[in-house]
Structures are given as C-alpha cells and as structure tokens.
Amino acid sequence: MKPIYFDHAATTPVCKEALEKMLPYFSDVFGNPNSQHAFGRESAKAVDGARDSIAKIINCKPNELYFTAGGTESDNWALRGVAHAYKDKGNHIVISPIEHAAMIVTAKELKKEGFDVDFMKVDEYGFVDLDHLKSIVKKGTIFVGCMLANNEVGTIEPIKEIAEIAHSVGAICFTDAVQAAGVLKIDVKDLGVDLMSMSSHKIYGPKGVGALYIRNGVKVQSILTGGHQERTKRGGTTNVAGIVGFATAFEIADKEMQKNFEYVSSLRDHFIDRVLSEVSFVKLNGPRENRLPANADFSFKFIEGESILFSLDLAGICVSSGSACSSGSLEPSHVLLSLGLPEELAHGSIRFSFGKHNTIEEVDYAVDTIKTAVSRLREMSPLFKSEGEIKYV
Ligand code: PLP
C-alpha cells in the first residue's frame, strides 16, 4: 500500500503544471537572466513574467517582490535587514512567541548584538493579545513581526490590526505568510504589512524558492551581497526554473483556492470531530475557527508524540510531531509551550496536515489507526495506569 501523506504543512509534491513549465529552464532555456544576449533575455522574460503574476495575486507592484531561496531566507532577511537598516531610529523589536525558528533564532542573535527583543502574548489558541501588543510597542520600536498563520496549530492571526498597532509607533510590520500564501486570499495593501515572506514548496511548487515582498520605500539591508541580482538587493544567480515553478503553482493555488479550502477543511473537520469523540484524553491544539483549512494538531495525554508518529508510520500514515523543521529534536514545541500547555503535552503533539489529493477514506483509516495505536501505547504507559482514570480537560 502506498503511504498516506498527511504532512502538507512540511512540504507538498510539485504539481504537474509547475513541473512542465519548469522543465525547459533546466536545459533549452538555460541562459543567465543577467546576461545581455538572446539566451539571457529569454530567461529574464520568464522571471519577469513570474514576478508580474505573483505581484498581481498579492496586489503589489512587481518591483516590490524579491525572489529568495524560500521562507527561511525571507524571514531572516526581513528581520535582520530591517534591524540593521533602522538601527539609528531605535533598537526595539517585537515578534510573536510562536514564530517559525527562522524568526526566533534570528531575533535571539539580534539580541546578542544589542537589540531589545520583546514577545507579544498569545492566548491558549495562539491568537495574539492585541492589548498587550499595544502596551509594549513604543517610540523606538522598529520592527513588529507576526506570522499570518501558524505552521503547527494553524491559528490565523489578526495581521491587519497588528499592522495598525505597529504603524501607530512608526514601526515596520512584517508577516510570515509561508503557510498562508496560496491558501488564504492575501492582499498586502489591504493587510497593511510592509514586508511579507512566502515559500513555494508549501503550495505544490518546487523547494528552495520563495519571495519577500518589500513595500516600496521600506529600507532592508541585504544579507546576500556581491551580486547585482534582484535590483542589487539579493545577490546570487537567479533560480529561473524554480521561480517559474513557484509562479505557476501560485497561479493554480489562487485559481483553486475556494474549492481547495472547502474540500480540505471538510476533511479536517471530519477528522477533528471523529478524534475528539472517539479518542479519550486528547486535546485539540489551536482554535476551531480562524484556523488553516489543512491543519489538525492533537496532544495525546500519557504518550510521547514520537511513539504515535512511529506507530502511524508503520501503518503507512505520514504525519509530523511538533513543527516540521524542529521534528527530530527532543525539545517540546515552543509553540505549544507559548499556548500554555504543560511540557508533557507539548511533547505529545502530532500535526496532521491534509492536502487536495487526500480522501475521506484515508482520513477514516487514520482515525481507526490512531485509536488502535493510542490504546496500545497507553497500555504500556505506567502513567496512564496510575492517572488515566482522572478525567483530563
Ligand atoms: N515560516 C513558516 C511559518 C514555515 O512553516 C516554514 C517551513 O516550515 C518556514 C518559514 C521556512 O520556509 P522554507 O522551508 O521555505 O525555508
């Protein structure tokens, strides 16, 4: 039996259309878009077309889009680039505590350089506490950053309101839309953000390519220097095939958005309803409303997330424990700890992320397998034997 893939928040397969559009740019149309000859011009035309198309989808000008090697680079560039460009204006940075490691680790490094880093408060579902944010921004706050949607628990944040608060003190507002772009309708002007990260491989495009939207007029110091690419802001020979694949995948995601949203969220809701009613001592992490359509994240009390992950893997079901990028680490999830979960539950979480090719039969098979795996693992758990009778809330 072919394994069932429920890990679309980690990555997605490249769609046929994107793959076909990319292929010529590996061989026949191989010119460097910066070259001043026919080969170069043909590649440059493809990159310009991709830029125009993504810009139109998110409602920005093509010259406000910079191609990068993905979400991690875009996040790093936005935070470090703004901090360094505006350090004469202030040194205060505010981010949410549930950001991707690409932001959290960069913020910690900036702290070592002397920047003052504060974290917004989030509630038990992961929503940013706007009153708390209002109380911590000040003159001298140069950067306010919060993801549009969380990769672990799926919470969709009130970015428009966050941007208004950031701008009330003259700070730059950034959002990481890696999990949201291509899934939710995004209009950067309407959201009011100054910078936004995107990544191709979460939306059926190739890996290793993404973009950073930088509103015209915002200063961002470069982190990759030495090349004239991307209007001298991001050095490095352009990934033409990747960019073409990214734009094609984005166009398809935008066209299919409503249909995919409805279908994938119906799978997710069926899954959540069944798990909550058929498995005991289980906690849904993140909200029921304002949640990414693909995401369901559960903590199973008395069991390590890794043990469930391995049991499901043996049964041919591919999921993730904690965030994709931090899985493999034995640390509890920083996202779940920020939501106030005790360590043992933050260790026991499993993220299921559905995709447009999944079926309801696969979802039902997963629930049945979880039920069996959870009861088998709990039978081996001394903690369950001693505490299991106490109702968990
Ligand atoms: N930001 C978020 C919210 C993510 O989920 C991820 C990847 O999981 C990234 C950033 C990193 O993106 P990339 O894999 O393109 O470097």
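How far is an oxygen atom of the ligand from an N or O atom in the side chain of histidine 201? The legends below answer this question and describe further views of the structure, which is a predicted model.

Figure 1. The distance between an oxygen atom of the ligand and an N or O atom in the side chain of histidine 201 is 2.9 Å. The protein covers 91% of the 390 Å² of accessible area that the ligand has on its own. For the side chain of threonine 72, an N or O atom is found 2.6 Å from an oxygen atom of the ligand. In the side chain of aspartate 176, an N or O atom is 2.7 Å from a nitrogen atom of the ligand.

**Figure 2. The shell around the ligand.** The ligand is surrounded by 14 residues, of which the closest are Gly71, Thr72, Asp176, Ser199 and Lys202. Sorted by class, this shell consists of 8 polar, 3 nonpolar and 3 charged residues. Helix α3 (residues 71–85) supplies the largest share of the shell, with 3 residues. The ligand takes up the space of the second largest pocket.

**Figure 3. A salt bridge between lysine 185 and aspartate 254.** Side chains of opposite charge can pair when their charged atoms come close. The structure contains 18 salt bridges. In the salt bridge between lysine 185 and aspartate 254, the closest N and O atoms are 2.9 Å apart. Lysine 185 belongs to the loop between β6 (172–176) and α7 (188–191), while aspartate 254 belongs to helix α8 (residues 240–255), so the pair ties together parts that are 69 residues apart in sequence.

Technical notes: Residues numbered from 1 in each chain as written. Predicted model: local features only at pLDDT ≥ 70, side-chain atom pairs only at ≥ 80, totals over all residues. Heavy atoms only, no water. Near = heavy atom within 4 Å. Polar contact = N/O pair within 3.5 Å; in protein donor to acceptor, adjacent residues only side chain to side chain. Areas by Shrake-Rupley, 256 points an atom, 1.4 Å probe, with all protein chains shown as cover. 1 Å grid on protein atoms, 1.4 Å probe; cavity = no way out; pocket = protein on both sides within 12 Å on 5 of 7 lines; lining within 4 Å. Sits in = over half its atoms within 2 Å of the grid points. Helix = DSSP H or I, 4+ residues; strand = E, 2+ residues; numbered from the N terminus. Nonpolar A, V, L, I, M, F, W, Y, C, P; charged D, E, K, R; others polar. Salt bridge = Lys/Arg side-chain N within 4 Å of Asp/Glu carboxyl O.
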